[in-house]
Amino acid sequence: MGCSGRLRAARSALLALLLGVSAPPRLQAEKLGDGCGHMVVYQDSGTLASKDYPGTYPNYTVCEKKIQIPQGKRLILKIGDLDIESQKCESNYLTIVSSSTIHGPYCGNMMPIPKEIILDTNEATIRFESGSHVSGRGFLLSYASSDHPDLITCLERANHHVKNEYSRYCPAGCRDIAGDISGNIVEGYRDTSLLCKSAIHAGVVADELGGQINVIQQKGVSRYKGILANGILSQDGSLSDKRFVFTSNGCNKSLSLEDGFIPNSHITASSSWEETTEIGESVQWSPDKAWLQVQGISWASNHSNHREWLEIDLGEKKRITGIRTTGSTMLKFNFYVKTFIMNYKNNNSKWRTYKGILSNEEKVFQGNSNYGDVVRNNFIPPIVARYVRLIPHTWHQRIALKVELIGCRIMQANNSFSYPMWQRPSQSTGVAIGKEDRTITEPIPSEETSLGLKLTAIVVPVLVGLCLFLLSGICIYAAIRKRETKGGAYGSSDAQNTGCWKQIKQPFVRHQSTEFTISYNNEKETPQKLDLVTSDMAVIFTKLILWLGLSWIGVANTPVDTAIL
């Protein structure tokens, strides 16, 4: 290329650069579409917010999102917050567009903002556009299907409600919404706390799914203790007039204390650290120290790598709904596990990794942030297993922890468990769980149930066989006695009143020594050849009854699986 060619190319590049710089920022932003912020969308519900909410949304941005619920349902939207700096909705506004209606534009104080919008369709497009402005939080809205008319937004607090008992539906995506909560699942939550965020903290619903919550308001307490649970840190709270608790399904007991302490042989580890003190004494940080209820040091691994684990044998299959962990509990030893994963299995099965609700990836749980505070994580859906392994993922200085498993026996869970949304999804909104994951939630019969079935399969056939054997023997004895008394006239008219013989409908097999023919033309006709029956018939019939009785006993003594099949 000549000098003039290079000069023309340089001029074109410079012109393009100048045009790009001078282009309106609004047009550049619309290309990027960077006006969307927090967004969690599930099949049946979700939450959307503008960028940087609840901070000031940026200038010249566009957020456009299509939301959809299953066919045949109507879409419900609730605007939790709307703070857009505009009086005429020209460059800063929010619109909701469905196939038949346009709702909005909404902005400033131009018109009243509806708290709830119910559409005739199952989908809509949310569009938020911003121009030049100084302040404004933007918007936050939640949506759900018409199956949940009691939908609330993530910003609703308990003190917004007057009733002492009520039920509401929390949308997916409330965990990371700004707003404080105070309290914990044991003592309850301060009534100024966000309802849905508290429900996730308590393990009542999962953030990925949302779900129904049942709330009871009670008299307040003088102090609320905050803890870290399910990735949410609740704050310590002061005295309040009211507090609220969530109704429980009863499956939240300490499994290590349910029948007394689990034997130390039922808790094992990949390795244990042997500490040598300053005076030369040896201290074992063994796995039996890992129980949260046991005072003193914790379990600590000899090595700190991803091959370490702590295993608990519960003795039988149980429903495990959560886990509580802490670090070394010793100020001198600032050891703790920051994140971990969970494996589980049953008898004669392979280890499986607990996975996320909506993904096929292993779920990493948030653990401790210091050596002493207790952290709780809930399993939604719960684990049903006998053996569980905690595998540290990240840690501070050295792997060390104490644990407590929370849950209940399977029989108790099946009888009293009030299934939350994730456990009994509607036909159109059920969570797609793979074959491997499905074993987590399917009810598994307990050992008590299996024992009852085995006893039933053995006892019932024995009793039935004995009853038939005794009844048949009595009939034979009565018939023989009558023959001896009447001179053996089986063909007499009295024979018709013998209940046992009257029930015989089928001819027996002919034997060489006995002619045995029964011919009933009508109920009043006397059998013609019944008098030919000899005493040999009674012997053969007795042997037949004995054989039937022994056959029943043999069936009863066969293995349960064979008997059932």
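Asn 305 lies in the loop between β23 and β24. Strands here are DSSP runs of E with at least two residues, helices are runs of H or I with at least four, and both are numbered from the N terminus. The model is predicted, so local features need pLDDT of at least 70 and side-chain atom pairs count only at pLDDT 80 or more, whereas totals for chains, interfaces and linings use all residues. Residues are numbered from 1 along each chain as its sequence is written, and side-chain values use heavy atoms, with hydrogens and water left out.

Asn 305 counts as buried because its relative accessibility is 18%. Buried means under 20% relative accessible area, exposed means over 50%, and partly exposed covers the range in between (1.4 Å probe, protein chains only). Not counting residues up to four places away in sequence, Asn 305 touches Trp 395 and Ile 399. Contact here means heavy atoms within 4.5 Å. A polar atom of the Asn 305 side chain lies 2.9 Å from the backbone nitrogen of Arg 307.

Arg 307 is found in the loop between β23 (299-300) and β24 (310-326). Arg 307 has a relative accessible area of 65% and is therefore exposed. Its C-alpha is 9.5 Å from that of His 393, at a sequence distance of 86 residues.

His 393 is also among the residues touched by Thr 339. Thr 339 has its place in strand β25 (residues 336-345). With 18% relative accessibility, Thr 339 counts as buried. The residues it touches are Val 364, Phe 365, Gln 366, Gly 367, Pro 392, His 393 and Thr 394, leaving out those up to four places away in sequence. The side chains of Thr 339 and Thr 394 are joined by a polar contact of 2.5 Å. A polar contact is a pair of N or O atoms within 3.5 Å; within protein, one must be able to donate a hydrogen and the other to accept it, and residues adjacent in sequence count only if both atoms are side-chain atoms.

Asn 92 is found in the loop between β4 (75-83) and β5 (93-97). Its relative accessible area is 2%, so Asn 92 is buried. Its side chain reaches the backbone nitrogen of Gly 131 at 2.9 Å. A second polar contact, of 3.1 Å, joins the side chains of Asn 92 and Ser 91. Residues touched by Asn 92 include Tyr 57, Cys 107, Glu 129, Gly 131 and His 133. Ser 132 is also touched; the C-alpha atoms of Asn 92 and Ser 132 are 8.1 Å apart, across 40 residues of sequence.

The whole structure holds three cavities of 30 Å³ or more. A cavity is a set of points on a 1 Å grid over the protein atoms alone where a 1.4 Å probe fits but cannot get out, and lining residues have an atom within 4 Å of a point. The largest cavity contains about 50 Å³ of space. Its lining consists of Leu 310, Ile 312, Ile 323, Met 342, Val 388, Arg 389, Leu 390, Val 403 and Leu 405. β24, β28 (375-396) and β29 (400-409) each give two or more residues to this lining.

For the chain overall, the secondary structure comes to nine helices and 29 strands. Of its 565 residues, 43% count as buried. Among contacts with a separation of 6 or more, 74% come from residues 24 or more positions apart.

How values were computed. On a 1 Å grid over the protein atoms alone, a cavity is a set of points where a 1.4 Å probe fits but cannot get out, and a pocket is an open set with protein on both sides within 12 Å along at least five of seven lines; lining residues have an atom within 4 Å of a point. Grid points are joined across faces, edges and corners, and a volume is the space filled by probe spheres set on the points.
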